[in-house]
Amino acid sequence: MITLNAVSKKYSSTVAIGPVTLEIPTGGLTALVGPNGAGKSTMLTMVGRLLGIDEGSIEVSGYDVTKTNSKDLAKIVSILRQENHFVTRLTVRQLVGFGRFPHSKGRLNQQDEEIISRSIDFLDLGELEGRYLDELSGGQRQRAYVAMVLAQDTDTVLLDEPLNNLDMKHSVIMMQHLKRAAQELNRTIVIVLHDINFAGHYADYICAMKHGKVVQFGTPEQIMQDEILTEVFETPVNVVPGPNGPLAVYY
């Protein structure tokens, strides 16, 4: 479980996140949604300790993220940010291998190699593992980054807008992989999404944020409501029955 207790981050007298008090259940896929500037990415990076908090506390699987040793925390929670600055002349396998660093410290053993191969296969990258990153499409490269995070082999995985710059086809493929990872690998996945319909279809829980606060948390059935989405996104939203569940219409 991820627990945030009165967490806040203050940037200026007018810009702040929180206080946020929230419990994200163990297992499944939780989507963070909301308008630009709502605080989704900030909250995610605070949970992953890439950004410090000013007040409150955050626990992941019972560990206080502000006090836990970095090498121990890296075996508990992994995070993929929006911006990834890896050397493009790395192969896919070399990149995914970086996910094993908290365990291997750069000296890969047989178990590490097996986990790397499993992560590559899980994201359908087997035929590309010898290719360099700059030889891949945007969708292939994004899958390689996610494979690296999965190879870190943490129970909790944090992903900041992994659908960024992906077209419709590759966005669907990515969400299918993430849903499988949550179900088949028993991971707790927290993901920042812009598309409320992806959240409604693939997520087990939706956390809606606005103005740095959590305004709604629940199952897709609970959150995919006209009044709730209209309030969160500050634009008229109609939720209609779709072939595979409710759809938000906002254009």
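I began with strand 1 (residues 2-10), which pairs with strand 2 in the antiparallel sense over six bridges. For my own record, helices (H or I, at least four residues) and strands (E, at least two) are DSSP runs, numbered from the N terminus, and two strands pair if DSSP finds at least two bridges between them. This is a predicted model, where local features need pLDDT of at least 70 and side-chain atom pairs count only at pLDDT 80 or more, while totals for chains, interfaces and linings use all residues. Residues are numbered from 1 along each chain as its sequence is written, and side-chain values use heavy atoms, with hydrogens and water left out.

Who faces whom here? I found Leu 4 opposite Leu 22 in strand 2. Helix 1 (residues 40-47) packs on this sheet and touches strand 1, strand 2 and strand 4 (55-60); contact means heavy atoms within 4.5 Å. The direction of helix 1 makes about 120° with that of strand 1. Axes are lines fitted to C-alpha atoms, for helices over the stretch in contact, and angles run from 0 to 180 degrees between N-to-C directions.

Zooming out, I traced an open sheet of four strands in the order 2-1-4-5, with antiparallel pairing. Its edge strands are strand 2 (16-24) and strand 5 (63-64), each pairing on one side only.

Most residues other than glycine have a negative phi, and most peptide bonds are trans.

Six strands form an open sheet in the order 6-7-8-3-9-10, and the pairing is mixed. Strand 6 (77-80) and strand 10 (213-218) are at the edges with a single partner strand each, so one side of each is left without a neighbour in the sheet. On average, neighbouring strands of this sheet are turned by 15° against each other, direction ignored.

I looked at one pair in it: strand 7 (residues 156-160) and strand 8 (residues 188-192) run parallel over five bridges. Leu 159 has Ile 191 in strand 8 as its bridge partner. Helix 1 turned up again, lying across strand 3 (28-33), strand 6, strand 7, strand 8, strand 9 (205-210) and strand 10, at about 145° to strand 7.

Then helices. How do the axes of helix 5 (residues 110-122) and helix 6 (residues 138-151) cross? They come within 9 Å and cross at roughly 140°. Helix 5 and helix 6 are therefore oblique to each other (under 35 degrees is roughly parallel, over 145 roughly antiparallel, 65 to 115 roughly perpendicular, the rest oblique). From helix 5, Ile 115, Ser 119 and Phe 122 meet Ala 147, Leu 150 and Ala 151 in helix 6.

Last, I checked phi. Asp 124 has a positive phi of about 55° although it is not a glycine, and it lies in the loop between helix 5 and helix 6. Buried or exposed? At 51% relative accessibility, Asp 124 counts as exposed (buried is under 20% relative accessible area, exposed over 50%, partly exposed in between; 1.4 Å probe, protein chains only). Asp 153 has a positive phi near 60° and is in the loop between helix 6 and strand 7. I noted Asp 153 as partly exposed, at 31%.
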